[in-house]
Amino acid sequence: MAGYGKKYQVIVVGAGHAGCEAALAAARMGCSTLLLTMGLDMVAQMSCNPSIGGLAKGHLVHEVDAMGGEMGLNIDETGIQFRRLNMRKGPAVRAGRAQADRMAYSARMKLVLESTENLDLKQGVVEEIIVKNYRVVGVKTREGLDFLGRSVILTTGTFMRGLIHVGMKNYSGGRAGEPSAEKISNCLRSLGFTVGRLKTGTPARLSSRSIDFSKLERQPGDAIIRPFSFMNDKIERHQVDCYIANTNEKTHDIIRSNIHKSPLYAGVIEGIGPRYCPSIEDKVIRFPDKASHQSFVEPEGIKGAEMYPSGLSTSLPADVQLQYFRSMVGFEQVEIMRPGYAIEYDFVEPRQIKATLEAREISGLFHAGQINGTSGYEEAAGQGLLAGINAALQCREQDPLIIRRDQGYLGVMIDDLITQDTTEPYRMFTSRAEYRLLLREDNADLRLTELGRYVGLVSDERWRRYQEKTGLIEKAYELCRETKITSKDDRLCSLFGLGELKSGVTLEQIIRRPDISIRTISEQIPEMTLLPEKVLEQVEISIKYEGYIARQIEQVERFVGYEKVIIPDDIDYEKVASLSSEVREKLMKYRPTSLGQAGRIQGITPAAVAVLSVYLRKKSREK
């Protein structure tokens, strides 16, 4: 093998959403970085639905952006329809979602990578991780080159031994039209990693010219676009329409009569699929009483003809796919441009990595994205960002960055991965976050921008905007606390339904009322009309939900106490009396780093945590 003649500090393998964020983070932090991808034209490719955000996923995008990542900026520039979800519910679960122009999204991200200092983007297929004395030193490529580096970040997506299924036909591939990576899985196994098998799928792509949209329900974007990036105040752009279609009993009959042709039901597929995103054949079989299933029909770009029918992923044969699509209203003459398929791929069980995303047994090797058993662009981007940060910090010989569960969905996700069994592809939900009232989209910058600044990812301009916003928030709080409405203000008393006042009430007291919004108040108070919408939103949420927020902060304080109790790496659980064999086995398997993390491992009881706590205190006193 031939050396390339240049040594890097960080090597990133794979240029999907995880790889792009990892490479950008490491390079922007000053590390010489190499990003290797199997195809330079497939950077940041959207393999499934070309959309960013959604419930809980939107939170991740805002957090990545707050720390200086690129995903939020990229979708703001290339989005073709924007919507806010859950607006009738509380602020904790409201989320942004945007349909992207798939080709534009990829092209812009590639341009950003190519123009970033300290970053080389190269095409090559990695077949081996070079390890010496349990320390990674580089990678070998199929093209015959050795690239040496201090850290390696694996972001392999669905490419490790990827196997595509269309009916009973299957073939090797990491994505439709692209080859799989066949050798890297065996390399990881030889290094001692436990490698598992997962499955996901995608629906067919349909020609917009063959769809009768007049028979479908139109779904426009929001009139006012709310950006994903805190660097953007507004987006003014023409938005495309999406549409709603439905399956029917005839559709279901076609699927049921051809179910034996599904590799999932024929036992051909070994990998475990996502329970929360079942294929259409799964839906039909599992919910036989349901007369129809909804599909959002969404464009893949402004100029192209391809449409994405969400909720209809499948592994049925292409001819069956055509049959059941043509049974749906509006799709009577539809043409399939690309058939849907299922894909099996290898992943590395994430209990083998630390909270930094570095492998436990091999120093300098990091995993991010679907290699850790996750699904989704947003989950991948978040892991990539943190892997890139920690690889760079390691190169700078600085302490790693670990985000706690109370600090961000990023922390929730990684903590879940390293403490829970991966029985299916992991997807982020708001229900996974026990402190979700604190972890809202709107305050992601207030939670994480300072951490991004600390590691060197937050630019001077972003920092200036952040400080300006925090200053305005404090000014708004002061205004609400000090401005009083008295009985002399007849018009305002009438407008706000205050009745006769014996003493004045502050704006803060009025905002606490559920029937009055801060926007209504700001329209009447000259000083408040000058405040930005995002500042008013922060103040209103903080005031209206003050009691709930205070209770969650108390819970966090207790939580942090457990997290501060560190479990030594060399602890011998056999010496901890009163632990059951099952608990010992779990602790040795997951090797938690703190008492709090130990308590979140499935099967670890509160009693076991108490026993471990007593043991750790005793050992601490003996030192």
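Is Arg404 buried, partly exposed or exposed, and at what relative accessibility? Arg404 counts as partly exposed because its relative accessibility is 32%, where buried means under 20% relative accessible area, exposed over 50%, and partly exposed in between (1.4 Å probe, protein chains only).

A quick note before the close-ups: this is a predicted model, in which local features need pLDDT of at least 70 and side-chain atom pairs count only at pLDDT 80 or more, while totals for chains, interfaces and linings use all residues. Residues are numbered from 1 along each chain as its sequence is written, and side-chain values use heavy atoms, with hydrogens and water left out.

**View 1. Arg404 and Asp406 pair up in a salt bridge.** The closest N and O atoms of the two are 2.8 Å apart; a salt bridge here is a side-chain nitrogen of Lys or Arg within 4 Å of a carboxyl oxygen of Asp or Glu. Asp406 counts as buried because its relative accessibility is 10%. Lys140 and Asp146 also meet through their side chains, at 3.3 Å from N to O. Asp146, at 13% relative accessibility, counts as buried.

**View 2. Arg462 reaches Asp65 through a salt bridge.** Their side chains meet at 3.1 Å, N to O. Arg462 sits in helix H12 (residues 460-482) and Asp65 in helix H2, so this pair ties together parts that are 397 residues apart in sequence. Helices (H or I, at least four residues) and strands (E, at least two) are DSSP runs, numbered from the N terminus. Both Arg462 and Asp65 are buried. The structure holds 53 salt bridges. Elsewhere, a network of salt bridges links Arg405, Asp415, Asp416, Glu434, Glu563 and Arg600.

**View 3. Helix H2 (residues 57-66) crosses helix H10 (residues 409-419).** Their axes come within 9 Å and cross at roughly 110°, which means H2 is roughly perpendicular to H10. For the bookkeeping, axes are lines fitted to C-alpha atoms, for helices over the stretch in contact, and angles run from 0 to 180 degrees between N-to-C directions. Angles under 35 degrees count as roughly parallel, over 145 as roughly antiparallel, 65 to 115 as roughly perpendicular and the rest as oblique. On the H2 side, His59, Leu60, Glu63 and Val64 meet Tyr409, Leu410 and Met413 of H10; contact means heavy atoms within 4.5 Å.

**View 4. Strand S19 (residues 341-348) is mostly covered.** Of its 8 residues, 8 are buried. Tyr341, Ile343, Tyr345 and Phe347 point one way from S19, and Ala342, Glu344, Asp346 and Val348 point the other way. Strand S12 (residues 195-202) runs antiparallel to S19 and is joined to it by 8 bridges, with Leu198 opposite Tyr345. Strand S10 (residues 163-166) pairs with S19 over 3 bridges, also in the antiparallel sense, and Leu163 stands opposite Glu344. Two strands pair if DSSP finds at least two bridges between them.

**View 5. An open sheet of 6 strands runs in the order S14-S15-S16-S17-S13-S18.** The pairing is antiparallel, and the edge strands, S14 (217-219) and S18 (336-338), each pair on one side only. Neighbouring strands are turned by 35° against each other on average, direction ignored. Helix H8 (residues 318-326) packs on the sheet, touching S13 (205-207), S17 and S18, and its direction makes about 140° with that of S18.
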